[in-house]
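Work through the exercises below with the model open in a viewer. Try each task before reading its solution.

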Amino acid sequence: MSANAYSATRGLQHEEPLLFEREHKAATAIALPGVSGEIAASLFAFVRKTPARIPGLSEPETVRHFVRLSQWNHGIETGFYPLGSCTMKYNPRVNEQIVRLPGLAYVHPEQPQDSVQGVLALLFELQQWLGEIAGLPHVTLQPAAGAHGELAGMMMIRAYHDARGDNKRRKVLVPDSAHGTNPASAVLAGLNTVEIKSAANGRIDLDALKANLGEDVAALMLTNPNTTGMFESDIGEICELVHRAGGLVYGDGANLNALVGIARPGDMGIDCLHINVHKTFATPHGGGGPGAGPVAVNDLLAPFLPVPRIEKNGDVYQIICEGEQSIGAVFGSLGQTGVLLRAAAYIAAFGCNDLHKIAEDAVLNANYVLARLKDVYHVPFPGLCKHECLLTDEWQERHGVKTLDIAKRLIDLGMHPMTVYFPLIVHGAMLIEPTETEAKETLDTFCDAMLEIAAQCEAGDTAILHDAPLLPFRRRLDETQAARKPVLVWNDSGFSS
Amino acid sequence: MTIPVDLKYTKEHEWVRIEGEIAEGGTATCGISDHAQEALGDIVFVELPEIGRIITVGEAFAVVESVKAVSDVYAVVAGEVVEVNEALEAEPEKVNTDCYGGGWIAKIKMSGDTVELLDEAAYTTFLEE
């Protein structure tokens with residue numbers, strides 16, 4: 001294997017086989033000392049009968065293996081990452097420095113409250129700031145992700161109806177353009193979902209909404225701007241209709257980047273909103289690491305907020321663990337403090353007078369991309385977009401080129417593809433969200449690449465698009481076979497399913 | 001694009017073959033149309049309903065997963081699920097290669113109710129719109 005593996009290495013970019021394909025020694029390079037005497041006797045029952053199957057490699061070989069694989073990653077610090085609906089904005093270095101300050105990094109949730117007043121003050125301020133930004137004054141910082149915030153929100157809405165003795169309300173209306181997490185969160189909270197069709201303009205169909213409203217409706221879940229990148233211009237009427245029917249409106253804050261500092265979901269009539277701090281407030285997207293999805297609510301839902309919460313009593317910040325009608329704890333302690341503090345740092349860096357620049361630049365960047373591409377890619381819903389623009393492959397499909405081909409070609413051109421085939425209601429969707437942190441030159445490089453791809457389609461020069469990506473170590477992967485016949489286990493005789 | 005004349009269709013791109021009386025326990029065989037499988041792309045998984053499940057019209061009773069999306073399949077008729085196409089568990093690709101034949105999803109013993117059903121001509125017109 002090793003000869004083949006190295007032949008694909010390009011310069012200092014390393015092809016890398018599996019650890020087991022790389023091994024060349026009978027045992028690992030780490031020699032542990034033996035044990036003897038009393039200890040050996042007491043451990044005898046636990047001694048392995050067969051050696052552990054650990055690849056025979058030296059420590060530097062092992063370290064290089066993982067570092068090389070990490071170099072295959074693409075991140076916002078490697079290049080442009082216009083993944084629509086994901087808000088892949090740059091995470092400022094200064095935020096990392098701030099959360100590593102000893103007073104923030106080396107505290108424990110169980111330590112006496114008078115010794116952690118600084119952290120509590122910052123988290124309390126963050127609660128206030130998020131409440132102000134959302135227009136929904138009461139905030140929990142506990143949920144550990146956006147979808148976790150959705151679940152907490154739907155649990156609060158259910159508790160609200162039940163507390164009024166209105167326990168027939170179990171139906172949640174979800175537009176067909178919604179993020180997939182919305183119906184999943186509602187179901188997990190013990191509610192049923194009904195899909196609401198979108199109108200031809202990509203927005204909620206008011207007649208379809210009215211037809212589904214009734215005494216069994218607990219809530220409408222909606223994202224504004226929605227996943228087509230369009231503002232739900234009927235939002236006032238939508239909220240009024242739902243409220244008049246006795247339901248509440250849950251806002252998915254995934255697209256808050258289009259509104260922050262400009263318009264407040266609470267003022268539109270939304271009752272409850274989760275905020276993805278890894279989107280709007282530039283905390284790391286994780287890769288499985290800790291996340292946070294605070295939820296902001298209005299007065300109606302405030303009694304049901306999770307505990308513990310932070311309150312300010314005179315000059316003292318206190319952790320409050322009781323709440324008669326609270327849905328209880330949805331996470332340990334006060335949430336993912338390190339992530340939340342990064343969000344607080346991002347907000348503080350702009351300050352309340354400049355926060356609107358986030359949304360303005362995000363919307364401007366998306367519209368710049370839209371303006372440069374709208375004559376060569378089909379735009380399903382014409383007009384100005386918000387923080388992301390939606391294109392389709394309709395015009396390229398005539399030349400046999402699909403969204404997937406375009407996305408793969410972008411990899412060859414050094415960029416992460418946009419979100420593809422979402423929202424589901426648009427055939428061949430390409431959802432592009434540049435965010436406010438990209439320079440015009442970066443946007444131009446991306447637009448030039450997209451124009452070049454479109455020109456290749458027109459010229460019939462499509463082989464390069466169907467074969468893309470040509471440059472990475474792994475070419476186009478067979479997604480169908482990977483899903484139909486996944487190979488998940490490796491042993492000494494090779495892979496097996 | 002194939003649209004057999006002996007089947008009925010829905011605006012959600014499902015097809016149904018009705019044998020016997022809708023109200024008197026006739027059988028409806030259901031699947032997704034050629035247009036649907038084409039739009040979804042390679043099907044990688046089909047979640048079949050349980051035999052014996054009572055379904056109402058418009059209820060999501062099966063799930064079709066492709067490399068692009070996960071989509072509900074809605075009940076075209078009301079009734080009881082009497083048979084499911086277990087072959088799809090090992091070979092979901094049959095929904096792509098033979099959507100009106102080997103790609104059928106479930107057979108339902110009908111109890112009377114149906115969604116608005118379109119014949120071949122009406123479905124063709126609907127697709128053209």
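This is a predicted model: local features need pLDDT of at least 70, side-chain atom pairs count only at pLDDT 80 or more; totals for chains, interfaces and linings use all residues.

Residues are numbered from 1 along each chain as its sequence is written, while chains are lettered from A and ligands numbered from 1 in the order in which they are written.

**Exercise 1. Overall layout of chain A**

Describe the extent, the secondary structure and the domains of chain A.

Solution. Start with the C-alpha trace, which spans about 75 × 75 × 45 Å along its principal axes. Next, take helices (H or I, at least four residues) and strands (E, at least two) as DSSP runs, numbered from the N terminus. Chain A then has 20 helices and 14 strands. Domain bounds come from an automatic or database domain assignment; they give domain 1 (2-71), domain 2 (107-350) and domain 3 (356-472). The centres of domain 1 and domain 2 of chain A, taken over C-alpha atoms, are 46 Å apart.

Then look at contacts, where two residues are in contact if their C-beta atoms, placed from the backbone, lie within 7 Å. Of the contacts in chain A between residues at least 6 apart in sequence, 70% join residues at least 24 apart.

**Exercise 2. The nonpolar cores**

Solution. Two terms come first. A residue is buried if 20 or more other C-beta atoms lie within 10 Å of its own, exposed if 12 or fewer, and partly exposed in between, with C-beta atoms placed from the backbone. A nonpolar core is a set of buried Ala, Val, Leu, Ile, Met, Phe, Trp, Tyr and Cys residues joined through C-beta atoms within 7 Å.

Buried residues make up 41% of the 497 residues in chain A. The largest core has 113 residues, and M156(A), C272(A) and L340(A) have the most contacts inside it. Domain 2 (107-350) and domain 3 (356-472) of chain A both give residues to this core, so it lies between them. Another core lies apart from it, with 33 residues, among them I18(B), I32(B), L88(B) and I108(B).

As a check on one residue, list the contacts of L340(A), leaving out residues up to four places away in sequence: they include L123(A), L126(A) and V277(A).

**Exercise 3. A crossover in chain A**

Which element links strand 2 of chain A to strand 3 of chain A, and what is the hand of the crossover?

Solution. Two strands pair if DSSP finds at least two bridges between them. Strand 2 (residues 171-175) and strand 3 (residues 192-196) of chain A pair in the parallel sense over five bridges, with L173(A) opposite V194(A). Between these strands the chain runs through helix 9 (residues 181-188) of chain A, and the β-α-β crossover is right-handed (with the strands pointing away from the viewer, the path from the first strand over the helix to the second runs clockwise).

Helix 9 of chain A holds P183(A). This proline counts as buried because it has 20 C-beta neighbours inside 10 Å. P183(A) touches V174(A), A178(A) and T193(A), not counting residues up to four places away in sequence.

**Exercise 4. Backbone exceptions**

Find two cis peptide bonds in chain A, and a positive phi in each chain.

Solution. Most residues other than glycine have a negative phi, and most peptide bonds are trans. The bond from F422(A) to P423(A) is cis, with omega near 0°, and P423(A) sits in the loop between strand 11 (419-420) and strand 12 (429-432) of chain A. The bond from A468(A) to P469(A) is also cis; P469(A) belongs to the loop between helix 19 (463-467) and helix 20 (479-484) of chain A.

For phi, A282(A) has a value near 60° and H13(B) one near 65°. A282(A) is buried, with 26 other C-beta atoms within 10 Å. H13(B) is buried too, with 21.
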